[in-house]
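Have a look at the model first, then go through the points in order.

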Amino acid sequence: MRFEILRDPVWNNIRVDELTLELVDTDVFQRLRYVRQLGWTYLVYPGATHSRFEHALGTHHLSRRTLALLCESSESVSISEEEQTIVRSAALLHDVGHYPFSHALEEIGALHHEDVARPLITGGSVAALLSARLGVDAPAKVFDLIRGRSDSQLQGLISGSLDLDKIEYLKRDAFMCGVPYGEIDVDRLTNSLVLIDDPDTGRKSLGVQEKALSALESLLFAKYQMYRNVYWHHAVRSATAMYKRLVEDAVRAKVVDVDSLARHTDEGLMHGLENESPTPMLAALKERRLYKRAAEWPAAELDVERVEWIATDRRRVAQVENELAKEFGLAAGELLLDYPVKTQMLGLDIPVLRRNGDVERLTDEGWIGTINLPSLSEELYRSARWLRVFTAKRTTLDPRRILEVVERSP
């Protein structure tokens, strides 16, 4: 089998085989060169210009390395070369359905990127390659792994509490942003992964040895720190709010079709909007004249149930934004509400091989002698997640009036 070596700033040498090279050369995968991993974060952290392309290659690299370790493990069952190739292909292709500028468009109600990936993997050039090399059912097997619905014993490598995607993006994002928050003991984690009998299902599945729990906790803390300091940084959220609103307005005006969004690159979408429907907000975003914080509240100070709609009901958000803008003497689109979609901050559900040989499932409920993850997760959310009001120009607003409006809606 022919291999090539790709140089990477995070993992140094990435070894890729012939099938991987052919998948990389498809138009579906090449588009990822032009989709930034962190969307508008580069406006705050200048080094954050890395793409989904590099991240996907890094995830593939971790899958190859981890599979080799599992095959060498005395606790491991046999893993066929075909099964390994399916898993490596899923690791490589897991992000092919991503929209321009990362996850932002999923927040306006567009299809989840994994659903967008279905026709890209189960049809076209990617499916033809996978079917020719691995059998006609290979594309479906790869997609099932990506969607988290596979019955493979290796499902946890692609989608789970300790999936390789999470390890890779935290490590790469921190490195490219130049921040110390993503320090993860990758070697400890990958060397501690084992295939064991799940106590709930009785089937073989991915687990972790007890000795790696401290490294697992460091992964969870790294995720929290990256959300607080990078992903949910106030200026990043300002740019993201502007981007969501201008794309929503363009979709409503039929300037762009929501079903076509996933075919665009970052710059391709921006150029298309600029040519078809130039707006002051679009010009401000391109020139980094970001909307300013006019008011903000941490989740700890909010009745969360009464404001959660801001993260999910985008049509209602635009209506309330316009109502508030008019009330405070601003034009439509000059006042934006932002409340990040609640992600699974510290989600944990994984079988653990105890030192005495027993297998127990570690969930968010934790164990005696370990961190109380449910209460910790809620505390981290309350400190990292903020409701913010952004305005096109510095404006004095009445925070009590804003809360009154948003808490009585919808």
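## Notes on a predicted model

1. Let's start with Arg-288, which is partly exposed, with a relative accessible area of 40%. Keep in mind that the model is predicted. Arg-288 sits in the loop that runs between α14 (280–286) and β5 (292–298). Its phi is positive, at about 55°, although Arg-288 is not a glycine. As background, most residues other than glycine have a negative phi.

2. Lys-254 is another one to look at: not a glycine, yet with a positive phi of about 60°. You'll find Lys-254 in the loop between α12 (234–252) and α13 (266–276). Is Lys-254 buried or exposed? Its relative accessibility is 73%, and the cut-off for exposed is over 50%, so Lys-254 counts as exposed.

3. Now to the helix pair α6 (residues 124–134) and α7 (residues 138–147). Their axes are 8 Å apart and the two helices pack at an angle of about 115°. That angle makes α6 roughly perpendicular to α7. By class, the contact of α6 with α7 has six nonpolar residues, one polar and no charged ones. Which residues of α6 and α7 meet? From α6 come Ala-127, Leu-130, Ser-131 and Leu-134, and from α7 come Ala-138, Pro-139 and Val-142.

4. Stay with α6 for a moment. Its buried residues are Val-126, Ala-127, Leu-129, Leu-130 and Leu-134. Why do these count as being on the same side of α6? Because they cover an arc of only 160° around the axis. Gly-124 and Ala-132, on the other side of α6, are exposed. Just after the helix comes Gly-135, with a positive phi of about 110°.

5. Helix α4 covers residues 81–93, which is 13 residues. From its first C-alpha to its last, α4 reaches 18 Å, close to the 18 Å expected at 1.5 Å a residue. How many of the 13 residues of α4 are buried? Ten are, which leaves α4 mostly covered. Among the buried ones are Gln-84, Arg-88, Ala-91 and Leu-93.

6. Thr-59 has a relative accessible area of 2%, so it is buried. Leaving aside residues up to four places away in sequence, Thr-59 touches Ala-91, His-94, Leu-164, Asp-165 and Glu-168. Ala-91 came up in the previous point, as one of the buried residues of α4.

Terms used: Residues are numbered from 1 along each chain as its sequence is written. This is a predicted model: local features need pLDDT of at least 70, side-chain atom pairs count only at pLDDT 80 or more; totals for chains, interfaces and linings use all residues. Side-chain values use heavy atoms; hydrogens and water are left out. Helices (H or I, at least four residues) and strands (E, at least two) are DSSP runs, numbered from the N terminus. The expected span of a helix is 1.5 Å times one less than its number of residues. Buried means under 20% relative accessible area, exposed over 50%, partly exposed in between (1.4 Å probe, protein chains only). Axes are lines fitted to C-alpha atoms, for helices over the stretch in contact, and angles run from 0 to 180 degrees between N-to-C directions. Angles under 35 degrees count as roughly parallel, over 145 as roughly antiparallel, 65 to 115 as roughly perpendicular and the rest as oblique. Contact means heavy atoms within 4.5 Å. Ala, Val, Leu, Ile, Met, Phe, Trp, Tyr, Cys and Pro count as nonpolar, Asp, Glu, Lys and Arg as charged, and the others, Gly among them, as polar. The arc is that of the directions from the helix axis to the C-beta atoms.
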